[in-house]
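Please read the points with the structure in view.

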Amino acid sequence: MDNKPVLQKKLNPINVWAIAFGCIIGWGSFINPGKKFLPNSGVGGTAIAMILGALVMIIIAFSYAYMVPRYPKAGGEFTFTKESFGKIPAYICGWFLVAAYLTNVPMNSTAIGLIVDGVDGSADILKFAFSYSIAGFEVYFGEIIFASIILILFAVLNMIGVKKAGFVQTVLTVLLVTSVFTLTIAAIFSSKTNIDNIAPIWGFDKTGAIAAATGGTYTSISEFAKSGTTGVMSAILATFAIAPWAFVGFDTIPQVSEEFKFSYKKVSAIMIIAIAFGAFVYIANNTIAAAALSNWPELIINSDSTPWLLLAAAEHLLGVYGKILVAVAVSCAVLSGIMGFYMASSRLIFSMSRDGYLPKFFGKLDNKYGVPRNAIIFCLVISLCGPVLGREALGWFVDMSAIGASIGFGFTCLSTMVTLKHNGEKSVFVKVMAIIGAMFSGMFMVLQLVPIPGLSGVHFGKESYLMLVVWIVLGICFYVIKGKQFDKTNI
């Protein structure tokens, strides 16, 4: 690459699968049954939405599998866009991908305190020393310290070589899959699970039910259950619309493609398996939480905060061993998310720096380990703000992750069409998949940004809109300051 720094080829197929799957499954897959999935979509709507979402992601993945062998460099979507559409579109794509990847590191870190408190809620082990409130979320010094130690530890693991980082990631994801499979088998054969518990199968009007319960007029959840064609469509779309967020992670594979020590022909299989495993975990967690708890709607309606239904279901099924199983699974999900998004974020920043879009400081490789240490340190510094801000405030930023992912998906599919035409290739299958993928990417952005009557729990809240505007303004300001420099750079 014309004397530019090049990353070392140290990752095997299992490592790469672990990076993708570890990024797909995070804290959200374990807490969202009580927060989003069951009230908005129920068991039926969530299962259908996740299967459809996985199929769409697989369609989009074919474009990634086509582009990676042709541009096997760190940067992924950013690199594809630069080669196909030029500098400004590449900058836009890269800028939003930074938001998509980097915000997931601190967001995962803020879940660590919730895991500890959830597993042993009576102890409040990390709630010591001083505390303060941001956006209604209480932030404790103990939680800040513990989360910061985890962030520093995993940043160091990333700095001592990609081979070691890949090994740790693989161990974490294997433990995660094993724990979820074990819990699923236990739920299937337990007499404590009941198919009747999954009603209302399409979710319910959470706002109306809470208002009725508060006003003393609540009698039965069936009064607020979603039904009919409109209700079913609303249930499915409410979760389908967040598929880019749910499956963001498989697209981290191109970010580390420069470090593959195997054939690029395996990329499509690795992506499809990672997506399929991700869909299984989402559906399994959600179904187990409902099937094991006969009163899950009431727990959602009457709780002051988001109830951790899966933890309650696991304890109901297996006692203390169930809690341990969930604790292992969710801890591995959080830690593998931190590790994977550290890798993806640092490689993206490194690639943008190497190509002149960011300061040269981020494009330097460590002489001993061959990793972009400065980019990793930058990711660490930004991530350390997460525990200080608290989970609720960070949630506004992380809502942009779905938009960043959708933009990356769209540019990759469009780049595939351009590359096919430029190379004179006649692959009808790849072209059709790219067209369909681009259409779905646009649809996801519309669903996330445009309020649609009758479809609640999908589009941004006002704080997230504000954060999106701030990120766009920052991007424009940075381009005005830095743009002239990289416009003149031979990249």
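1. Is the crossing of helix 13 and helix 14 left-handed or right-handed? The crossing is right-handed, meaning that the near helix is turned clockwise from the far one by less than a right angle.

2. A word on the source: this is a predicted model, where local features need pLDDT of at least 70, side-chain atom pairs count only at pLDDT 80 or more, and totals for chains, interfaces and linings use all residues. Residues are numbered from 1 along each chain, and side-chain values use heavy atoms, without hydrogens and water.

3. Helices are DSSP runs of H or I, at least four residues, numbered from the N terminus.

4. In helix 13, L310, L311, A314, E315 and L318 meet residues of helix 14, including Y321 and K323. Contact means heavy atoms within 4.5 Å.

5. Y91 and Y479 form a tilted aromatic pair, 5.4 Å centre to centre with 50° between the planes. Rings pair if their centres lie within 6.5 Å; under 30 degrees is stacked, over 60 edge-to-face, the rest tilted. Y91 sits in helix 4 and Y479 in helix 19, 388 residues apart. Y91 is buried at 5% relative accessible area, whereas Y479 is partly exposed at 22%. Buried means under 20%, exposed over 50%, partly exposed in between (1.4 Å probe, protein chains only).

6. Ring pairs also link Y91, W95, W471, F478 and Y479 into a cluster.

Definitions and conventions. Helices (H or I, at least four residues) and strands (E, at least two) are DSSP runs, numbered from the N terminus. Rings of Phe, Tyr and Trp (its six-membered ring) pair if their centres lie within 6.5 Å; planes under 30 degrees apart count as stacked, over 60 as edge-to-face and the rest as tilted.
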